[in-house]
Amino acid sequence: MTWNRKHLLDIESLSPEEIITVLDTARAFKAVGERAIKKVPALRGKTVVNLFVEPSTRTRISFELSEQRLSADIINFTAEASSLKKGETLRDTARNLEALNTDFIVIRHSASGAPHFLAREINSSVINAGDGAHEHPTQALLDMFTIRERKGQISGLNVTILGDILYSRVARSDIWALTKLGAHVTLCGPSTLVPREFEQMGCRVTYDVEEAIREADIINLLRIQHERQRKTMFPSLGEYSSLFGLNKARLGRTKPEVLIMHPGPINRGVEIDSQVADCGRSVILEQVTNGLAVRMAVLFLLNGGKGPQGVSP
Ligand code: CP
């Protein structure tokens, strides 16, 4: 299929075919990343601004490296050293950046909807790198890429997302992507962080962690998003860990071929024990590796790339 989008704002509005186009294109870029010369000229002459107004390690570095690999000119905007600190609005900041003839703005922001707002206000292509508790589309795409690469397909798999669902943008984007691609999604965690309203997105909700992990092909762990919680949602981290954390004993009660995923940053000893994070079934660092190819694919397609067949062999 052809890709006609100017922006990547969410997974909710993507069709299954569009998601598959990104994944197929990312597979071609992963092969490029395994060559001696990893750089291609696809974005030569184009300018990308990385507008990160909220902290990030993986997403920011992954976007920056993917832009370098595509030969783009890059501006890394540092919120702490910017005139946002003097009261300049996001709209004015973006319009000033665009006055420098930018082509792409990659934005991470604590406000849900900030990328959608920018897409209405400016002419550049906008890519959502995580907006509040709303969506994190490139994380979901790299998660789908990793599952597909390891399991061959996504349709029919049992995927359990375990942890703080309520405040997680990764959970929302993953739920959209997984259900569109035919997976069976189970959500589990404390009832205060996994409201039954999520069933309306086509998921199953359970508060029984043993039942949630027993038949799972994939267990995707989420950290507690303290930065977005305005009140205490459970008694203590120790209690959370003993009731919902994935430890070696619990891992022993899962399918032998289960994959353990986590978008990072991980909180060892809370939602995941070190023995699980670093075990052979963990694909947490593979997710990071795959993020590079996925973000190259997204930039390539938004720039008018024609899918995997357009990636130089
Ligand atoms: N997965 C993820 O978004 O990590 P960062 O916050 O480090 O970018």
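Which strands does helix α11 lie across, and at about what angle does it run to β4? Helix α11, made of residues 284-302, lies across β3 and β4, and its direction is at about 150° to that of β4. Keep in mind as you look around that this is a predicted model.

**The four-stranded sheet**
- Four strands form an open sheet in the order β2-β1-β3-β4, and their pairing is parallel.
- The edges belong to β2 (73-78) and β4 (125-131); each has a single partner strand, so one side of each is left without a neighbour in the sheet.
- From one strand to the next, the twist averages 15°.
- Take a look at β3 (residues 104-109): this strand pairs with β4 in the parallel sense over five bridges.
- To find your place in that pairing, look for Ile105, which stands opposite Val126 in β4.

**Helix α8 and its buried face**
- Helix α8 covers residues 237-244, and in this helix Tyr240, Ser241 and Phe244 are buried.
- If you look down the axis of α8, the buried residues fall within an arc of 105°, so they line one face of the helix.

**The nonpolar cores**
- In soluble globular proteins, nonpolar side chains tend to be buried together.
- Here, the largest nonpolar core has 88 residues.
- Phe29, Ile127, Ile161, Leu178, Leu187 and Ile260 have the most contacts inside this core.
- Helix α11 supplies the largest share of the core, with 11 residues.

**The cysteines**
- How many disulfides does a search of the whole structure find? The search finds zero.
- Cys188 is buried, with a relative accessible area of 0%.
- The closest cysteine sulfur to that of Cys188 is in Cys203, 13 Å away, which is too far for a bond.
- Cys279 is in no disulfide either; for this residue the nearest cysteine sulfur is that of Cys188, 19 Å away.

Definitions and conventions: Residues are numbered from 1 along each chain as its sequence is written. This is a predicted model: local features need pLDDT of at least 70, side-chain atom pairs count only at pLDDT 80 or more; totals for chains, interfaces and linings use all residues. Side-chain values use heavy atoms; hydrogens and water are left out. Buried means under 20% relative accessible area, exposed over 50%, partly exposed in between (1.4 Å probe, protein chains only). Helices (H or I, at least four residues) and strands (E, at least two) are DSSP runs, numbered from the N terminus. The arc is that of the directions from the helix axis to the C-beta atoms. Two strands pair if DSSP finds at least two bridges between them. Axes are lines fitted to C-alpha atoms, for helices over the stretch in contact, and angles run from 0 to 180 degrees between N-to-C directions. Contact means heavy atoms within 4.5 Å. A disulfide is a pair of cysteine sulfur atoms within 2.5 Å. A nonpolar core is a set of buried Ala, Val, Leu, Ile, Met, Phe, Trp, Tyr and Cys residues joined through side-chain atoms within 4.5 Å.
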